[in-house]
Amino acid sequence: MKGAATMALVALAAISCGGGQSSPAGSSAAPSTQSPPPSAAASSTSGAGATTPAPTPSPSPSPTRTGPPAFTAKVTPIARKRLPYSWRPGCPVSYQDLRLVTMTYWGFDDRAHTGELVVRKTVTDDIVTVFKKLYAMRYPIRQMRLVDVYKGDDYDSIDADNTSAFNCRAATGSSNWSNHAYGEAVDLNPRENPYVTASGGTAHANAKKYAHRPMHGKAVINPGDRVVRAFAAVGWGWGGSWSGTKDYQHFSRSGR
Ligand SMILES: [Zn+2]
């Protein structure tokens with residue numbers, strides 16, 4: 001029995017197609033050399049526009065339009081010399097446990113600004129999370145400077161509608177440390193959101209018209225609104241929900 005050895009010869013057609021010269025390197029060469037023959041000039045005016053290519057569609061609405069800058073936040077240690085009034089020995093938190101948060105905020109002028117807030121290092125994530133949301137919702141903030149700009153004077157900072165956090169001081173109307181002394185409380189737009197006593201009084205004349213809730217108004221914080229919810233999402237409470245005295249500007253980690 002003869003074995004039929006079949007040998008499959010695979011012919012590899014190594015024929016290279018395309019000489020390489022079929023297409024010129026630049027396809028743009030053709031249109032640029034196109035020029036109507038001089039004789040066609042006369043007829044082209046009366047023609048059906050055969051020589052006129054379809055109008056090039058103009059670029060769609062410019063996608064390169066620049067909007068407000070993206071939110072940024074930088075967390076850094078803070079030198080004691082930046083806190084000449086708001087910190088002193090004997091405060092419940094060392095200045096070394098505080099952090100400077102430099103971040104974007106939306107201004108009353110409908111523009112982005114950069115502000116500074118000092119908080120305890122344990123809550124920087126909470127703060128950045130909340131203020132990123134506030135910026136995204138374009139919640140306006142008058143200004144955000146260290147209370148030391150006002151020599152640590154809470155009254156002057158509030159009167160200037162300054163948003164601030166750390167200040168080594170007692171709670172209003174108390175001898176106990178405020179949550180601000182721990183760097184775990186923020187006062188937001190204090191003029192539009194005043195501290196109101198149970199009898200309805202405020203210490204700031206420029207804030208009297210903002211003493212009631214709910215009410216409409218720029219930067220006014222109302223029960224259950226987006227600002228309150230942004231803080232609640234990181235577990236922070238609002239002074240506007242207290243019974244009796246209301247502190248509409250005040251948000252804190254402890255809720256007090
Ligand atoms: Zn406060």
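Residues 24 or more positions apart account for 54% of the contacts in the chain with a separation of 6 or more. The model is predicted. The chain has 256 residues, and 31% of them count as buried. It contains 5 helices and 9 strands. From the N terminus, the elements follow the order α-α-β-β-β-α-β-α-β-β-α-β-β-β.

In general, strands of a sheet pair through backbone hydrogen bonds, either parallel or antiparallel. Strand S2 spans residues 98-107 and strand S3 spans residues 112-120. S2 and S3 pair in the antiparallel sense over 9 bridges. Threonine 102 of this pair stands opposite glutamate 116 in S3. Methionine 103 has glycine 115 in S3 as its bridge partner. The hairpin of S2 and S3 has 4 residues between the strands. In this hairpin, aspartate 110 takes a positive phi near 60°.

S2 also pairs with S1, in the antiparallel sense, over 5 bridges. Here proline 77 stands opposite arginine 99 in S2. The pairing of S2 with S4 is parallel and rests on 2 bridges. Glycine 107 has isoleucine 141 in S4 as its bridge partner.

A further sheet is open and has 3 strands, in the order S5-S9-S7, with antiparallel pairing. S5 and strand S7 (237-238) stand at the edges. Each has a single partner strand, so one side of each is left without a neighbour in the sheet. S7 is joined to strand S9 (residues 250-252) by 2 bridges, and the two run antiparallel. Glycine 237 stands opposite serine 252 in S9.

The largest nonpolar core has 43 residues. Val118, Val119, Ile127 and Phe131 touch the most other members. The elements that give two or more residues to this core are S2, S3, helix H3 (124-136), strand S5 (185-187), strand S6 (195-196) and helix H5 (226-232). H3 gives the most, with 6 residues. Not counting residues up to four places away in sequence, valine 119 touches Leu98, Arg99, Val101, Thr124, Ile127, Ala165, Phe166 and Gly183.

Helix H3 has 13 residues. The helix reaches 18 Å from its first C-alpha to its last, close to the 18 Å expected at 1.5 Å a residue. Buried residues in H3 are Asp126, Ile127, Val128, Val130, Phe131, Leu134 and Tyr135. What covers these buried residues includes strand S1 (73-77), S2, S3 and H5. Ile127 and Phe131, both buried in H3, are also among the core residues that touch the most other members. H3 is followed by arginine 138, whose phi is positive, near 60°.

Several backbone features remain. Most residues other than glycine have a negative phi, and most peptide bonds are trans. Lysine 151 has a positive phi, near 55°. This residue lies in the loop between strand S4 (140-141) and helix H4 (154-159). Lysine 151 has 11 other C-beta atoms within 10 Å, and because a residue with 12 or fewer is exposed, lysine 151 counts as exposed.

The loop between S6 and H5 holds alanine 219 and proline 214. Alanine 219 takes a positive phi near 70°. With 18 C-beta neighbours inside 10 Å, alanine 219 counts as partly exposed. Its count falls between the cut-offs of 12 or fewer for exposed and 20 or more for buried.

Note on methods:
Residues are numbered from 1 along each chain as its sequence is written. This is a predicted model: local features need pLDDT of at least 70, side-chain atom pairs count only at pLDDT 80 or more; totals for chains, interfaces and linings use all residues. Two strands pair if DSSP finds at least two bridges between them. Two residues are in contact if their C-beta atoms, placed from the backbone, lie within 7 Å. A nonpolar core is a set of buried Ala, Val, Leu, Ile, Met, Phe, Trp, Tyr and Cys residues joined through C-beta atoms within 7 Å. The expected span of a helix is 1.5 Å times one less than its number of residues.
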